[in-house]
Amino acid sequence: MERTQELLVNMGPQHPSTHGVLRLMVKLDGEQVTWCEPDIGYLHRCFEKLSEQKTYPQVIPFTDRTDYLAALLNEMCYVEAVEKLFGDAIVVPERAQYIRVMMAELQRITSHLLALGSMAMDLGAVTPFLYCWRDREKIYSLFERITGGRMLYNYLRIGGVRNDLPEGIIGTPQDGEDKADKTIWGFINYFDAYVYPQWKELVTGNRIFQYRTQKIGVLTAEQAIAYAASGAVLRGSGVKWDLRKNLPYSIYDRLEFDIPVGKNGDCFDRWWVRQEEMFQSSRIVKQCLAWLAENPGPVMAKVPRVLKPPKGEIYHRIEGARGEVACYVVSDGGTNPYKVKWRSPAFTHLQLMPLLCPGHKVADIIAILGSIDVVLGEVDR
Amino acid sequence: MDFLKERFPEAQFETHVNGDTEVLVPAERYEEAVRACYDAGFTYCSCVTAIDWQDRLTLVTSLARINPEEVGVPNLHIKVDLPRQGARIWSIANLYPGANWHERETYDMYGIRFDGHPNHRRILLPDNWQGGHPLLKDFTDRRPKRPRLVRHRFAE
């Protein structure tokens, strides 16, 4: 018997291009996608329940493991939230703030590099992925010297950072590419001179890549706000909204940087915004380095041995690598948080899949998924 | 937050350390409060979650205003007290599509039902999960204990 019908296809949970364990249920009419529904929860590790049973500092390592590609940004969100709960009791030293911001921006570069590299690889370009790995490696070896960890750091503390930068890691502005994995200045110079132009020429200017991403998965500005998109997804749709500028936290109001904004809201614009953001991050790192080289000082505030924030609650939002990372901490005056809620951007962004996919071809799902850049550890927590 | 103060003169207002405003409204006026915020430009639903106070549940809806020209607009948290058993509330997922999954997660973890939700299912836990709602404070894992793995002995 011959007949035509819609075909239900499961992409994942073991599909290599779904960035972890994500299952996309897709209905196909030939090559056309008519319906798409993500199924999540394969990586659920009870972060919120666990953190109710730990003391405040003990939660920091868990926050690393939510978005494991941008661990320092998550730590920063949680640590700042708890510090705000204390009010004036904890004053974080300025040097610690600068170290945090510098580390966060370096982390943003690593995260964006991987986002770009894996998206290019999913679209069939394997070489950029290897380049991204090579350049990330240099930052990771710097991180290893500073924090002791390569991926999951547990470096930020409530009241500051664990240790000051090691001797000689800042380097001098003259450091060239040969010192890219030895000093931070070396990496930044290497990044500006080689990495950033290379990505522009190798992938962004590539005709095939542009055909695969332009006018695919178009998200209008109204839709982006209604669907609570943030980060590169929101800015790719043309909304100039960055929490570092619009709701300044830490020391971001003293730093100079621009917010790249896309026009059409398609996959290519989201890609382009990420690429430009890396360049802005390198600008921020330079300003922090200049300040850090001249201002030695303590990196840890005086904090009590047992942390007991006063009763209260806080919803602290920061600009993570993927968008708005927010942490809702409720304190009942005890040593453990009464409740920790993690608002992760990737979880919110995955809701866009049923909106963006229908009408496109199967191969475009991969482009859309790569451009909204989900990390499943953060989706499922 | 004057537009809410005019409308809800008897509601409790509180300010967080970082400047966010929270307002506690009665459950039957939740829809009215959310719509008032929506009309005032708070069109971005940052988060929906709940807190288990052991004698009641508190639903927290965090709304934000996305306006590139404004700097430092604090969030608005609308709170509703609900009973621990059989809590029901109007769903905002049709007004804020971005709240869809957050409401599903709140149902999954706290058991609050959302009336009018387009896809009211569990999200992180499996659909056939029978063990209750894990983020409630009195949650106990009632699954049978898993047998300890016996270490394999090599032949001597």
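This is a predicted model: local features need pLDDT of at least 70, side-chain atom pairs count only at pLDDT 80 or more; totals for chains, interfaces and linings use all residues.

Author: Residues are numbered from 1 along each chain as its sequence is written, chains are lettered from A and ligands numbered from 1 in the order in which they are written, and side-chain values use heavy atoms, with hydrogens and water left out.

Reader: Which helix gives the most to the lining of the largest cavity?

Author: A cavity is a set of points on a 1 Å grid over the protein atoms alone where a 1.4 Å probe fits but cannot get out, and its lining residues have an atom within 4 Å of a point. Strand E8 (339-343) of chain A, strand E3 (44-52) of chain B and helix H3 (100-110) of chain B each supply at least two lining residues of the largest cavity; helices (H or I, at least four residues) and strands (E, at least two) are DSSP runs, numbered from the N terminus. The residues that line the largest cavity include A:Lys339, B:Val48 and B:Glu105. With four residues, the element that gives the most is H3(B).

Reader: Is A:Asp266 buried or exposed?

Author: A:Asp266 is placed in the loop between helix H10 (243-246) and helix H11 (267-294) of chain A. Buried means under 20% relative accessible area, exposed over 50%, and partly exposed in between (1.4 Å probe, protein chains only). Because its relative accessibility is 2%, A:Asp266 counts as buried.

Reader: How far apart in space are A:Asp266 and A:Lys215?

Author: In sequence, A:Asp266 and A:Lys215 are 51 residues apart. From C-alpha to C-alpha, their separation in space is 5.4 Å.

Reader: What is the phi of A:Cys46?

Author: A:Cys46 is in the loop between strand E3 (32-39) and helix H1 (47-51) of chain A, and at 39% relative accessibility it counts as partly exposed. Most residues other than glycine have a negative phi. A:Cys46 is not a glycine, yet its phi is positive, at about 60°.

Reader: What is the relative accessible area of A:Asn154?

Author: A:Asn154 lies in the loop between H5 and strand E4 (156-157) of chain A. A:Asn154 has a positive phi of about 50° although it is not a glycine. A:Asn154 is partly exposed, and its relative accessible area is 24%.

Notes:
On a 1 Å grid over the protein atoms alone, a cavity is a set of points where a 1.4 Å probe fits but cannot get out, and a pocket is an open set with protein on both sides within 12 Å along at least five of seven lines; lining residues have an atom within 4 Å of a point.
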